[in-house]
Amino acid sequence: MSNPTAAMLVIGDEILSGRTRDSNMNHLAKALTEHGIALQEARMISDDHATIVRQVREMAEVYDHVFTSGGIGPTHDDITAEAVADAMGAACGIRDDARAILQAHYDRSGQELNEARLRMARIPDGADLIDNPVSAAPGFTLGNVHVMAGVPKIFEAMLAGVLPTLTGGAPMISDSLRVERGEGDIAAPLGHLAEAHPEVSIGSYPFQSSNGKYGSNVVVRSQDSDAVAVVMGKLRGLFPEAA
């Protein structure tokens with residue numbers, strides 16, 4: 001049986017403008033791989049309601065899980081909650097359980113739960129809250145869509161709470177070999193090896209080091225550790241000089 005599949009939507013004009021560097025996709029990819037869920041697609045989109053609705057609908061129909069980051073804060077451009085609700089056909093408003101979490105948090109810190117902060121209690125009907133142990137404001141899961149904050153520390157904490165609730169598959173095993181030859185020189189033998197071993201995925205990722213040497217890191221991936229070991233042995237036979 002194949003592993004569950006996933007996609008990610010990174011939402012935010014600040015990402016697309018280059019003002020903020022995204023790290024959440026990399027963190028999600030690693031965490032899902034370890035959990036046995038295959039991240040198969042990631043898109044970066046703007047803070048536009050219609051765009052978010054369209055992308056969420058498309059992805060939710062194709063993949064077992066959709067993860068979003070960004071757009072659930074207190075400012076006017078934080079529109080992800082309403083857009084995801086529209087995409088999934090749910091109403092969205094201030095929810096009492098989310099309000100209570102925020103009220104307790106701001107009472108403890110001696111701050112006011114003002115109108116702007118209350119925006120973070122907008123939760124679609126039927127959604128389950130995602131705990132936020134960093135700054136209290138919750139994310140949520142609606143159907144197969146998991147909506148989380150864009151701040152990396154908060155995103156990572158929310159994901160740590162969500163993953164144990166998701167059914168995963170066999171984790172992906174990988175190994176690599178550094179070959180100091182150009183891709184044009186190794187393409188043919190790698191192609192033959194890949195054709196002979198369809199049970200594994202073989203990728204070639206070129207590099208050029210600071211001392212001017214160039215080559216490729218050849219990565220072998222599979223859920224079958226024995227298959228990875230067999231192919232790695234054949235790779236070392238093809239490129240005995242490799243590290």
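How do the residues of the lining of the largest pocket divide into nonpolar, polar and charged? There are 12 nonpolar, 12 polar and six charged.

## Basis

This is a predicted model, where local features need pLDDT of at least 70, side-chain atom pairs count only at pLDDT 80 or more, and totals for chains, interfaces and linings use all residues. Residues are numbered from 1 along each chain as its sequence is written, and side-chain values use heavy atoms, with hydrogens and water left out.

## Largest pocket

The largest pocket holds about 430 Å³ of space. A pocket is an open set of points on a 1 Å grid over the protein atoms alone, with protein on both sides within 12 Å along at least five of seven lines; lining residues have an atom within 4 Å of a point. Points are joined across faces, edges and corners, and a volume is the space filled by probe spheres set on them.

The lining has 30 residues. Closest to the centre are Gly70, Gly71, Ala149, Gly150 and Val151. Strand E1 (5-11), helix H1 (13-16) and helix H7 (152-162) are the elements that give two or more residues. H7 gives the most, with three. Elements are DSSP runs numbered from the N terminus: helices are H or I with at least four residues, strands are E with at least two. In the class counts, Ala, Val, Leu, Ile, Met, Phe, Trp, Tyr, Cys and Pro are nonpolar; Asp, Glu, Lys and Arg are charged; the others, Gly among them, are polar.

The structure holds one cavity of 30 Å³ or more. A cavity is a set of points where a 1.4 Å probe fits but cannot get out. The largest cavity has a volume of about 60 Å³. Its lining consists of Gly71, Ile72, Asp78, Ala81, Arg119, Met120, Arg122, Ile123, Pro138 and Phe140. Six of these are nonpolar, one is polar and three are charged.

## Sheet

Six strands form an open sheet with mixed pairing, in the order E2-E1-E3-E8-E7-E6. E2 and strand E6 (128-130) stand at the edges with a single partner strand each, so one side of each lacks a neighbour in the sheet. The twist averages 20° from one strand to the next. Strands pair if DSSP finds at least two bridges between them.

E1 pairs with E2 in the parallel sense over seven bridges. Val10 has Met44 in E2 as its bridge partner. E1 also pairs with E3 in the parallel sense, over five bridges. There, Ala6 stands opposite His65. E3 and E8 run parallel, joined by four bridges. Thr68 stands opposite Val147 in E8.

Five of the five residues of E3 are buried (under 20% relative accessible area, with a 1.4 Å probe and protein chains only). In a regular strand the side chains alternate between the two faces of the sheet. His65, Phe67 and Ser69 are buried on one side of E3, and Val66 and Thr68 on the other.

Helix H4 (residues 80-87) lies across E1, strand E3 (65-69), strand E7 (139-142) and strand E8 (145-148). H4 runs at about 5° to E7. Axes are lines fitted to C-alpha atoms, for helices over the stretch in contact (heavy atoms within 4.5 Å), and angles run from 0 to 180 degrees between N-to-C directions.

Notes: Buried means under 20% relative accessible area, exposed over 50%, partly exposed in between (1.4 Å probe, protein chains only).
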